[in-house]
Amino acid sequence: MLSALGLALALALLIALTMRGWNLFVATPLCALIVALTSGIALLPPLALEGAPNLVGAYMGGFTGFVTNWFFMFLLGSIFGKLMEDSGAADAIATAVMRHLGPSHAALAVVLACAILTYGGVSLFVVAFSVYPAALALFRAADLPRRFIPAALAFGSVTFTMTSAGSPEIQNWIPIPYLGTTPWAAWEASLVTALFMAVVGQLWLGWMLKRAKARGEGFVARDGDPGELRADLPPLWAALLPTLVVLGVSFALHDAFGVSALIVALLSGCAAVGLLCLRTLRQPGKAIGEGSTGALIAIGNTAAVVGFGAVAKLSPAFGVAVEAITHMPGSGVATAAIAVSLIAAMTGSASGGQAIALPIIAPIFLAQGVNPDQLHRSVAISSGVLDSLPHNGYVVTTIRAICGETHKDAYLPVGALTVIVPGLGLLLCLGLFALGL
């Protein structure tokens, strides 16, 4: 009971502190300390029995493990975004979009850019780095409130593309070895669900922007923003090609290199910016330096949340909760979806929710004769419903480190588009399965 209270208190406190703008390097160890004290976890390595976990070791294990796995993707993704900004490529893309779509479609352009990159295999974190400079230019040209940029980035990255059939993102691939399925599992229902989420989410985003404009909100420039659209922009083909290089290389090497394909893809993208936009690069050294610093802040924030999750998983209450959730009464895809979604909420991670739940629930439901393709798709979509709570690593990184916003200003639209819209999509998908699609 004490462990359960401690875990609940720690999760609630972490969300509250995140919303209030606390530094995550302080908030996450503090909340992890509450978990450790209420769960009988030793605080320091010398205080732990041989082979037993301890707070410092578990936290830093999760922290450094994430950095080890993702550092070069964050670094190269941030540098790529800064080079796109410094060369004027981002402004060139923004200008072309504004010319062809008009100011009213600036947010749609950002969403589509994220969707294309995500479905092409570029990591969610890297997509935010890469698209943000163009998003900033688009929102500035359209005079849209910049606090909605995180929502547009997140909506295009972690909703209708991340968990759809055929997506190369890990959230669509984790179920495969457990269920014996393919990335295209239940593609018919997935297609309908993805289209539903895309349309509903875009309409909601447009409605929120319209209301904000009616209240008098507009784009507010800040120190450090790139200047107004430059006159010496590269040609559109040269501005677009580096992004297409990232997309093409990551797609071509994904099967052979896995996630490491992103390192090659982003390095190729940086080289492409340098070669194709050499004439318009102003301060490439400064851009690389700023990109490197931004990457450290971004990966640090995310790794801090992962470190807290590593400690939370050690608590007895977490194990009891997982056991209860994965053995809820009933059978079928709906029960599996609820289990994965709740565990993803506890860990703040879609992939974490799947990785914990699937080894337990897959044998149970497959033995009951549940359709493995339907199970795959429901698990994938449900993992992206409650994972995007305020303490989620991607949410924190996108709002704070990349966009420079606060949770108070930016999280409400992010939560609407990445929690409620996927939740509605999950209900639709389950309904389609019930109808036999």
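## Contacts along the chain

Of the contacts in the protein chain with a separation of 6 or more, 79% link residues 24 or more positions apart; a contact here means heavy atoms within 4.5 Å. This is a predicted model, in which local features need pLDDT of at least 70 and side-chain atom pairs count only at pLDDT 80 or more, while totals for chains, interfaces and linings use all residues. Residues are numbered from 1 along each chain as its sequence is written, and side-chain values use heavy atoms, with hydrogens and water left out.

## Overall fold

You will find 19 helices and 0 strands in the protein chain, taken as DSSP runs numbered from the N terminus (helices: H or I, at least four residues; strands: E, at least two). The radius of gyration, 22 Å, is close to the 22 Å that the globule rule gives for 437 residues, so the chain is as compact as a globular protein of that length. That radius is taken over C-alpha atoms, and the rule is 2.2 Å times the number of residues to the power 0.38.

## The nonpolar core

Buried residues make up 57% of the 437 residues, where buried means under 20% relative accessible area (1.4 Å probe, protein chains only). The largest nonpolar core has 133 residues, and Val110, Phe139, Leu153, Leu205 and Phe308 have the most contacts inside it. Helix α3 (residues 55-86) gives the most to this core, with 13 residues. Such a core is a set of buried Ala, Val, Leu, Ile, Met, Phe, Trp, Tyr and Cys residues joined through side-chain atoms within 4.5 Å.

Leaving aside residues up to four places away in sequence, Leu205 touches Ala107, Val111, Phe148, Ala152 and Leu417.

Technical notes. Buried means under 20% relative accessible area, exposed over 50%, partly exposed in between (1.4 Å probe, protein chains only).
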